[in-house]
Amino acid sequence: SSSPRSAKLLRALVLSPMLLVAQSQAFQFTSRRWLNLQEYQSKKLMSDYGVRVQRFFVADSANEALQADKRLNAKEIVLKAQILAGGRGKGVFNSGLKGGLAEQMIGYNLATKQTPKGGVKVNKVIVAEALDIARETYLAILMDRSCNGPMLVGSPQGGVDIEELVASNPELIFKEQIGIFEGIKDSQAQRMAENLGFLGPLKNQAADQIKKLYNVFLKVDPSQVEVNPFSETPEGQVVCFDAKINFDDNAEFPQKNIFAMDNKSENEPIENEAARYDLKHIGLDGNIACFVNGAGLAMATCDIIFLNGGKPANFLDLGGSVKEAQVYQAFKLLTADPKVEAILLSIFGGIVNCAIIANGITKACRELELKVPMMVRLEGTNVQEAQSILSSSGLPITSTIDLEDAARKAVDNVSKK
């Protein structure tokens, strides 16, 4: 089954050497600026554009699942838990079930290798017509910065963890660069179908499905369309048995209906609270909070904390258009996190006014009675005024020379405890 992790790996594969992932020996994280649809939502979108998927209904109770079974009137059905994680077929429910009965799936937590240890609560299941699979392949379409356009990525070995295949058998990964103006050519779709191992009439059928998937890619503005497995049945049909469609936040304006599908039920509560104030919060497992503006600076800040012997607890991104109230709410979120033992605030004031940040900091420190040490590194617009505000505040705020100095002092403060 596909997953956010495998999706990111493939993005890194085609975007190389421009990596989107900040990594170290201690942790690996990617800024979650993506809307990840549930499988049933992705399949519905694909079906709307003529892509062949199994007949299915969605149920959020055992009774609804039973009704869906009757409506399908299929020889055999399959139930699929709907959570944003791969490896669901090998997962275990806290009801003791390893798959099969809706009443032991809905309302229970499913743990896979890609979920937290306690698993994720299943609120919905897909009730789908079961089809036999003769052969499984892998197919994805995603944006490639190196060619400034879409890339078709496929492998004749599907239904497996794609990241493992990339590492063990890179020769089984095939790519087709698609011209952003010309679109996908018949010859490219045919060549990919052939590389995936489709023969005879199945080759034309697979090529047609590939072109329809590219049409989905054009129409709904995703960052990635992934199908694993993209398979053939013994009856001679090419079917998308699983689906994942991911979106960058930049697609929100033209695709409001799609973004309205995001119920955020699997997000951490602190992420949803941060979103209320146009903040982005990413939880990590250390004890030094990163308070920054911009995902690139956040990754650099996390890396420099690690290089100085510390571990980041999170990063909280203020973004570009910062208001004083946002700074206050950001501090409120960080101080409510029990694992935070120090805060490193790193702001580069290009379009951000450092004085606004400084006023927000002093107000938050006074009203929230900040009890953990805070290191502040400010650069850019109005930085002298900002430094004056902080130095005259009388608050226990440590100003730093640069990011390296800020990280070193944050780690030192935590180490003393």
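UniProt positions are given in the numbering used here, feature names are shortened, and annotations may be inferred rather than shown by experiment. This is a predicted model, in which local features need pLDDT of at least 70, side-chain atom pairs count only at pLDDT 80 or more, and totals for chains, interfaces and linings use all residues. Residues are numbered from 1 along each chain as its sequence is written, and side-chain values use heavy atoms, with hydrogens and water left out.

View 1. An unreviewed UniProt entry carries the annotation "binding site" for Asn293, Gly350, Ile351 and Val352. Valine 352 lies in the loop that runs from strand S19 (342-349) to helix H11 (354-368). Helices (H or I, at least four residues) and strands (E, at least two) are DSSP runs, numbered from the N terminus. Valine 352 counts as buried because its relative accessible area is 2%. Buried means under 20% relative accessible area, exposed over 50%, and partly exposed in between (1.4 Å probe, protein chains only).

**View 2. The protein chain and its confidence.** The protein chain holds 13 helices and 21 strands, and 51% of its 417 residues are buried. The mean pLDDT (the predictor's confidence in each residue, from 0 to 100) is 82, with 83% of residues at 70 or more. Confidence is highest in H5, at 98, and lowest in strand S1 (residues 22-23), at a mean of 34. Over residues 1-32 the pLDDT is below 50, and this stretch has 90 contacts in the model beyond near neighbours in sequence. Where pLDDT is low, predicted coordinates should not be read in detail. A contact here means heavy atoms within 4.5 Å. Of the contacts in the protein chain between residues at least 6 apart in sequence, 70% join residues at least 24 apart.

**View 3. Helix H5 and its covered face.** H5 (residues 186-195) has Gln188, Ala189, Met192 and Ala193 as its buried residues. Seen down the axis of H5, these residues fall within an arc of 135°, so they line one face of the helix; the arc is that of the directions from the helix axis to the C-beta atoms. An α-helix has 3.6 residues a turn, so residues three or four places apart point the same way. Among the elements covering the buried residues of H5 are strand S10 (135-144), strand S11 (149-155), strand S12 (174-177) and H6.

View 4. S13 and S15 pair in the antiparallel sense over 3 bridges; two strands pair if DSSP finds at least two bridges between them. Glutamine 224 has asparagine 246 as its bridge partner in S15. In S15 (residues 244-248), 5 of 5 residues are buried. Lys244, Asn246 and Asp248 point one way from S15, while Ile245 and Phe247 point the other way. In a regular strand the side chains alternate between the two faces of the sheet. S13 (residues 224-232) contains proline 229, and the peptide bond from asparagine 228 to proline 229 is cis, with omega near 15°.

**View 5. Strand S9 and its two partners.** S9 (residues 125-129) is mostly covered, with 4 of its 5 residues buried. Strand S4 (residues 56-59) runs antiparallel to S9 and pairs with it over 4 bridges; alanine 59 stands opposite valine 125 in S9. Strand S5 (residues 77-81) is also antiparallel to S9, and 5 bridges join the two. Lysine 80 stands opposite isoleucine 126 in S9.

**View 6. Two nonpolar cores.** A nonpolar core is a set of buried Ala, Val, Leu, Ile, Met, Phe, Trp, Tyr and Cys residues joined through side-chain atoms within 4.5 Å. The largest has 40 residues, of which Met46, Ile210, Leu213, Phe230 and Phe247 touch the most other members. H6 gives the most to this core, with 9 residues. A second, separate core of 34 residues includes Leu316, Val352, Cys354 and Met374.

View 7. Aspartate 221 is not a glycine, yet its phi is positive, near 60°. Aspartate 221 lies in the loop between helix H6 (201-220) and S13 and, at 33% relative accessibility, counts as partly exposed. Asparagine 382 is also not a glycine and has a positive phi of about 60°. Its loop lies between strand S20 (374-380) and helix H12 (383-391). With a relative accessible area of 33%, asparagine 382 is partly exposed.
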